[in-house]
Amino acid sequence: MKTKFLELKNISKSFGKVSALKRINFYIKGEPEIVGLIGDNGAGKSTLIKIISGIHAPDCGEIYINGKRIRIKNWSVVKSRASGVETVYQDRALAMQQTIARNIFMGRELTSIFGFVKSKLQFSEADRLMRMIGFTSKVFASDSAVLNLSGGERQGVAIARAFYFKANLMILDEPTTALSLTEAQKIFTFIRQAKKGGTSCIFITHNIYHAYDVSDRCVVVDRGKIIMETDREHNTVEQLIKDMQKIAQSNGKVKEDINNGRS
Amino acid sequence: MADLEKKQNNLDFNQEFRRSRRRIINFLNNNRRALSALVVFIILMLLFIIVNPKIFLHREIYEAIFRSLPIRIVLALPLVFVIVSKEIDLSFVSNMTFSLWIFAATANAGWNPFLCMLLAILAGALVGLINGMLVVRIGLQSMMATIGMKFLLLGLVAGGSNIIPIPLTFLVNTPFYNTFVGKIGNFPVQMIWAVMALVISMLLFNYHKFGSQISCIGDNLESSREMGINVATIKILAFVYVGIACGFAGVLSGLTYLSFYPKPGSPDELMLAVLASVFIGGTPTTGGVGTIFGAFIGACTIRFIETGIIEAGLSGFFTQFFMGLIILLALTSHKFHKSH
């Protein structure tokens, strides 16, 4: 088995008196995989991915990238990106009045000497990219403002951004929430495509059916803890829901039995 | 076979045609603010020429206007960067007065005027840096921070200079004077500097990483941060750029009017005129978008209104009324150019 791409050990994080994560262990395999991260609002999903993408530094714990330990004090957005983690926030990650190209290259402009932007190259690369991920609409070009796109297309711009920079791990923060069923299916296709291309994916949602549809592995977070972790092969979606209910009712006490029983 | 090739060629041509049409539409769409400011300016000039062709078809009035207009242009252009980042700087005219004081005092003491100018620009940049730090590091709202800075600087200049004017007439016809406010034929050199400021600002705003990133910051601050843009540095740089411009504008105004005289109260009118230039040029206060060329045109528009209304035979007392009217009309015209 290959070394895990990412491993978090005993990660805790609190904001003032509120503890958002309590000694969490989480990993992404070395081979590409799709992990569904499920949980209610306020369960700690967002905090977890913000730690992975370097926006928050954890209070304590250990982070390993490809088996190498990273000092958590040095962990940052830049570092996280440098190790190949890309986060796709819904369309709030886009600068609406800017062009598609400018959005894709935001913060990482293709520049020549003295920092001047190679606009033509950016436009042509953006055009190529949009075609590659299956944008068929002829109405817009990479120099139209994002404002003019539909919800799904906007998300596509954000995904194209991650794709262009050849991420090892792509984090999708509730990508399907605002989308119609067909548009959500498009995004699933893309996630599977990305896995084939060698990119792992963490897929965050509170829709358990969506998560189950596309994931190889589901991780359930509740009140700052990972209460359940399950392989898709060993579980049906009904079983998953039943187990989750059981854990919720028992306040986490039966967690051990369920997880043990299944592994 | 030939038929197929012909068809393919036709298809290629169609695609090419559609692509170039889309590019033109996008170009118009992306530059609609500057273009609409330009249209307003052209209409205004035509009106003035029709009403008073004797004055407005003669070069004297343009010479006079091109002497003082550059100061406003130099001040207005960098403000676009700050406003696009969703901040504001209200201390720029005080900063200009402050820089001018530094320049006048040192030049009067017999220092090399080029060195004095460098000092003035550094002083302006330092004020910009402090403004930026107050906003970004301490987290003050830029409007309040720069209002504070405005009074602080005015007080400093008034107290430091005892409101004693410093004449700069001794600089007339020196190489320094001729470099910045001399004449080529009848054309005031300072206008060339203003055009240079325009070119530099346009390069920075439209073609440089700085302009690209500052637009993203003003458009979506949170996301810019998440995408790894160094928001703090970029914002501070925008304030520093305004400061540098204040230093340069201070020297220009010293050379144009040949004195330093810190009249309390008068800076506000200039401040509002410059801000109005930026706004009627098509840069909104909502952040994310702006136009340097628009601000340039805006500055011209306002300056020509001021002279034009008087020359057109309307009572001088009504100048501000018409200025306000035209500003409102120009702003209204931008509303009709929303993106679709």
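Guide: Let us begin with one pair of residues: Leu8(A) has Ile63(A) of β4(A) as its bridge partner. Please keep in mind that this is a predicted model.

Visitor: What makes β1(A) and β4(A) a pair of strands?

Guide: Two strands pair if at least two bridges are found between them. Strand β1(A) and strand β4 (residues 60-65) of chain A are joined by five bridges, and they run antiparallel. With five bridges against a cut-off of at least two, they count as paired.

Visitor: Which strands make up the open sheet, and in what order?

Guide: There are four, in the order β2-β1-β4-β5 of chain A, with antiparallel pairing.

Visitor: Why are β2 and β5 of chain A called edge strands?

Guide: Strands β2 (18-28) and β5 (68-70) of chain A each pair on one side only, and that is what the name says. On average, neighbouring strands in this sheet are turned by 25° against each other, with direction ignored.

Visitor: Which helix packs on this sheet?

Guide: Helix α1 (residues 45-52) of chain A does, touching β1 and β2 of chain A. The direction of this helix makes about 60° with that of β2(A).

Visitor: Why is β9(A) described as largely enclosed by the rest of the structure?

Guide: A residue is buried if 20 or more other C-beta atoms lie within 10 Å of its own. In strand β9 (residues 217-222) of chain A, five of the six residues are buried, so the strand is largely enclosed by the rest of the structure.

Visitor: What are the partners of β9(A)?

Guide: Strand β3 (residues 34-38) of chain A is joined to β9(A) by four bridges, and these two run parallel. Here Val35(A) has Arg217(A) in β9(A) as its bridge partner. Strand β10 (residues 225-231) of chain A is joined to β9(A) by six bridges, and that pair is antiparallel. Cys218(A) faces Thr230(A) of β10(A). The hairpin of β9(A) and β10(A) has two residues between the strands, and Arg223(A) takes a positive phi near 45° there.

Visitor: How does α6(B) meet α7(B)?

Guide: The axes of α7(B) and helix α6 (residues 113-136) of chain B come within 9 Å and cross at roughly 145°. This crossing is right-handed. Val127(B), Asn131(B), Leu134(B) and Val135(B) of α6(B) meet residues of α7(B) that include Met149(B) and Leu153(B). Six nonpolar, three polar and no charged residues take part in the contact of α6(B) with α7(B).

Visitor: What makes Phe279(B) partly exposed?

Guide: Phe279(B) belongs to helix α13 (residues 267-280) of chain B. It takes 20 or more other C-beta atoms within 10 Å to be buried, and 12 or fewer to be exposed. Phe279(B) has 19, so it is partly exposed. Phe279(B) and Ala299(B) are 20 residues apart in sequence, while their C-alpha atoms are 9.8 Å apart in space.

Visitor: Finally, where do the two chains touch?

Guide: In chain B, 19 residues are in contact with 28 residues of chain A. On chain B, the elements giving two or more residues to this side are α1 (2-30), α10 (209-219) and α11 (221-226). The largest share, five residues, comes from α10(B). By class, the side of chain B that touches chain A has five nonpolar, 10 polar and four charged residues.

Note on methods. Residues numbered from 1 in each chain as written. Chains lettered and ligands numbered in written order. Predicted model: local features only at pLDDT ≥ 70, side-chain atom pairs only at ≥ 80, totals over all residues. Contact = placed C-beta atoms within 7 Å. Nonpolar A, V, L, I, M, F, W, Y, C, P; charged D, E, K, R; others polar. Axes fitted to C-alpha atoms, helices over the stretch in contact; angles between N-to-C directions. Left-handed = near helix turned anticlockwise from the far one by under 90°.
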